[in-house]
Amino acid sequence: MPDFTTTSYLDDLRSKLGTDWPTLSRARQTTATRRDELARLIVGEESEDANVVVYGSMARGEMTRESDLDWTLLLDKPVDPSDLPTSQRVAKKIRDAGFVEPGKTNIFGTMTSSHSLVHNIGGQDDTNANTTRRVLLLLESYAPGKCEAYVRVRRHILFRYVDDDYGLSFGSGQKIVPRFLLNDLSRYWRTVTVDFVHKQRAEAGGKWALRNAKLRMSRKLIFAAGLLACFECHLDEDAKRAREEIRSRSHRSAELIDYLERAFSVPPLEILARSVLRHAKLDTARLLFDNYEAFLALLDNPEKRKTLGNLDPNQVRDNEVFQEVRQISHRFQDGLTRLFFHDNKELYSLTEFYGVF
Amino acid sequence: MRPIGFSTGAIAKGDFRRALEMMAPLRLPAVELSALRLRELPHLAEAAGELSLSEYRYISVHAPSNFAVADERRVVSLLRGLADRGWPIVVHPDVIFTDALWVEFGNKLLIENNDKRKSAGRTARELQALFARFPEAGLCFDIGHARQVDPTMNEAYLILQGQADLSQVHISEVNSFSRHEPLSSAAIEASRRVADLVPEHVPIILETLIDQGQSTMEQELFRASEALTSVLPVEA
């Protein structure tokens, strides 16, 4: 089983490449400080059934100076009228402590019930907000304080993805990839890209360039990490027992759920680094991580971030900052293409088989 | 047939004599003498030698689940007398304050996985740390607690896959307020996911509270047998 709790694959990769990613290191340090600060703020507001969960850059370990804080009060319990006042107190504490507030979508900064996350995977009631909350709970989330409900709900969700995937248990193919989960991650990624255009229209181009940059980099990163976590179920020697158990006559899913739970317990950059160490050439590793470093450095520059935040879509062609982030994103995409399609035959085979149809 | 029986506390709360009387006609092979409340323990220790227990192939004692550190020596001393009769002692991890006192029970000590209200002994990882401190102790696996902590039963699976020697099983429904209740269909279905990991010889103790007429012993025994029938086909 990969030891995601004590090993930093990013540090291993850094050593292997003999390089330094100062912004990534600083972002990790900033994140740790801010997480501690938040944990102190919410003392007394949580229970084993109601945990504060953060998403976004704090969850990814990528906080820079202007990062906002996306959070929710995750409830896994019988209804209680006092939950709303609790979430409002948490919101006030976070605001008063100077954290940048979440966006206007109402997906974050309020309560989230576990029931719809677990029960409504697909179907009419699986709204964009529900899909976003569920998928992000797996791909980029973190519980800074108590974590019982958080751990429980994530496991419930993985249980649904694995246990309801009859192809995993009863399929005759040799590949063992959680396809129900993979399809939902793909659906989420496509939804994000479509919603990007929706927001462009609905908000008359406001923050278009900043959103575009994040779409090209951090949003794409979490999708790539999700795909890799799914593919590693088939490739990873540490998942061998999980594969055997689910294809045994008893079709036991517990080991695979446990494997995925551990895989998703670390930030997406760590998931990417682990797969890169296992499957990619060194040039690919440099393309991916040098350019992610460059992206974070750009976001950490107040002037450049401000420029992106205020840039009108009609001005992007002639804007140096936007062209810089565009070039960074192209090289990052090149790294992903090499990783998924060129460096490793097995990974290519899985990408070809599951990535399109 | 599995050694199966009830906790006396589930049949008649605080009155083990009454519970034993009620259970007698069923001629069950197993029983757990409950001293869940601290005040019950001295009475049980005093009466132990006089109780009519010859019918039972398996007898265990449930230690008090809540007492102060100051009471620990007295509790252990009273339990020592019961363990000397060959009866395993079931204890919740959160009342083990002084390891040295409990380690002396050796393999007569059965540590039970906790419900979600407690801060230790709930998960496989937490139990692993506990059993490292008590290497001779056995596991009293509470299916209801495990399901309350993780309704997918993955934690149950991980606990049962752990290193601890599975010595006894508690079965019941545990509601969101951590109260033991008669088995629901959902609890039965969940239990069946791990039933194949409970060997036939391991004693099963029902903790389904029926002291207020919520159900009958016969009904609960039937439901427990359903819960312990694996949904999984046996490996060829």
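Reader: Which are the buried residues of α16(A), and what makes a residue buried rather than exposed?

Author: The buried residues of α16(A) are F322(A), V325(A), I328(A), S329(A), F332(A), G335(A), L339(A) and F340(A). A residue is buried if 20 or more other C-beta atoms lie within 10 Å of its own, exposed if 12 or fewer, and partly exposed in between, with C-beta atoms placed from the backbone. Bear in mind that this is a predicted model, where local features need pLDDT of at least 70, side-chain atom pairs count only at pLDDT 80 or more, and totals for chains, interfaces and linings use all residues. Residues are numbered from 1 along each chain as its sequence is written, while chains are lettered from A and ligands numbered from 1 in the order in which they are written.

Reader: What covers those buried residues of α16(A)?

Author: The cover includes α10 (208–235), α13 (268–279), α14 (282–299), α15 (302–310) and α17 (345–355) of chain A. Covering rests on contact, meaning C-beta atoms, placed from the backbone, within 7 Å. The helix labels come from DSSP: helices are H or I runs of at least four residues, strands are E runs of at least two, and both are numbered from the N terminus.

Reader: How do you know that the length of α16(A) agrees with its residue count?

Author: The expected span is 1.5 Å times one less than the number of residues. For the 23 residues of α16(A) (320–342) that should be 33 Å, and the end C-alpha atoms sit 31 Å apart, so the two agree.

Reader: And α4(B), how far does that helix reach?

Author: With twelve residues (72–83), α4(B) reaches 16 Å from its first C-alpha to its last, close to the expected 16 Å. Its buried residues are V75(B), V76(B), L78(B), L79(B) and L82(B).

Reader: Why do you put them on one side of α4(B)?

Author: Because they cover an arc of only 165 degrees around the axis, the arc being that of the directions from the helix axis to the C-beta atoms. R73(B) and S77(B), on the other side of α4(B), are exposed. In general, an α-helix has 3.6 residues a turn, so residues three or four places apart point the same way. Over the buried residues of α4(B) lie, among others, α3 (40–47), β3 (58–62), β4 (89–91) and α5 (99–103) of chain B.

Reader: What makes chain A as compact as a globular protein of its length?

Author: Chain A has 17 helices and three strands. Its radius of gyration is 20 Å, close to the 21 Å that the globule rule gives for 357 residues, so chain A passes as compact. That radius is taken over C-alpha atoms, and the rule is 2.2 Å times the number of residues to the power 0.38.

Reader: How does chain B do against that rule?

Author: Its 236 residues would give a compact globule a radius near 18 Å, and chain B comes to 16 Å, which agrees. Chain B has ten helices and ten strands, and 47% of its residues count as buried.

Reader: What makes a set of residues a nonpolar core, and which members of the largest one touch the most others?

Author: A core is a set of buried Ala, Val, Leu, Ile, Met, Phe, Trp, Tyr and Cys residues joined through C-beta atoms within 7 Å. The largest has 166 residues, and L272(A) and I89(B) touch the most other members. α10(A) brings the largest share of this core, 17 residues. Leaving aside neighbours within four places in sequence, L272(A) is in contact with L221(A), A224(A), A225(A), L228(A) and L288(A).

Reader: Why is M153(B) called buried and R27(B) exposed?

Author: M153(B) has 22 other C-beta atoms within 10 Å, so it is buried. R27(B) has 8, so it is exposed. M153(B) has a positive phi of about 70 degrees although it is not a glycine, and R27(B), also a residue other than glycine, has a positive phi near 50 degrees. M153(B) is in the loop between α7 (143–149) and α8 (154–160) of chain B, whereas R27(B) is in the loop between α2 (16–23) and β2 (30–34) of chain B.

Reader: How do you know that S172(B) is buried?

Author: Because S172(B) has 28 other C-beta atoms within 10 Å, it counts as buried. S172(B) sits in the loop between β7 (165–171) and β8 (173–174) of chain B.

Terms used
Two residues are in contact if their C-beta atoms, placed from the backbone, lie within 7 Å.
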